[in-house]
Protein chains: 2
Amino acid sequence: MPDECTQPTAQEMRLADVLAALADDHRRHVVRELVRSEDGTGRTCTSFGLPVSKSTRSHHFKVLREAGLVHQVDRGNMSGVTLRRDDVERRFPGLLALVEIEDGSAG
Amino acid sequence: MPDECTQPTAQEMRLADVLAALADDHRRHVVRELVRSEDGTGRTCTSFGLPVSKSTRSHHFKVLREAGLVHQVDRGNMSGVTLRRDDVERRFPGLLALVEIEDGSAG
């Protein structure tokens, strides 16, 4: 049975946590890749190519999960994430779009 | 002549800096008060009632200014800020609205 980690419901999400999660370049890279993917796309945590140690990578995904931005499911040695697109969009409309377009609009 | 501090143009604003600035509760309080005020409202830095030391308060306003969220003008012993509402809205549409409605939508 998958080991689903603790994460807030849509209503429990706090703007402070979501903004803090997205303020980090590595975490924003992960969210941007997921936003630009087909809805429901599952990715392993290693597939984003973050140039960090395993423990730092784990920390980043914990922050994303606890903020409510991603679902994380661990199955043995496979740790996968999906974007909580609908939940985030309902609670913080427009926020994911800012992350999605960031590179294109940067000055 | 007023001493206008360094701040990015609208095009120089970076999403990372704006998110990091808004991730802090005190700084979000300042922006929320300004968003809810009439456009162009000028406020002294002390008028927001932040429960912090003078140096910490100065730091918070420096972060807001360098992110591009506020204009800060120092005239002798009066330090005032205004929200760069149009610039922020043009660069990051919808972001200020999330801060504005935060209390009402929490929980």
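Let's start with the parts list: chain A has 6 helices and 4 strands (DSSP runs, with H or I over at least four residues for helices and E over at least two for strands, numbered from the N terminus). This is a predicted model, where local features need pLDDT of at least 70 and side-chain atom pairs pLDDT 80 or more, while totals for chains, interfaces and linings use all residues. Residues count from 1 along each chain as its sequence is written, chains are lettered from A and ligands numbered from 1 in the order written, and side-chain values use heavy atoms, leaving out hydrogens and water.

Reading from the N terminus, the elements of chain A go β-α-α-β-α-β-β-α-α-α. Of its 107 residues, 45% count as buried (under 20% relative accessible area, with a 1.4 Å probe and protein chains only).

Now for a helix pair. Helix 1 (residues 15-22) and helix 3 (residues 54-67) of chain A pack at about 150 degrees, their axes 9 Å apart (axes are lines fitted to C-alpha atoms over the stretch in contact, and angles run from 0 to 180 degrees between N-to-C directions). That makes the two helices of chain A roughly antiparallel (an angle over 145 degrees). Asp17(A), Val18(A) and Ala21(A) of helix 1 meet Val63(A), Leu64(A) and Ala67(A) of helix 3, contact meaning heavy atoms within 4.5 Å.

Note on methods:
Angles under 35 degrees count as roughly parallel, over 145 as roughly antiparallel, 65 to 115 as roughly perpendicular and the rest as oblique. Buried means under 20% relative accessible area, exposed over 50%, partly exposed in between (1.4 Å probe, protein chains only).
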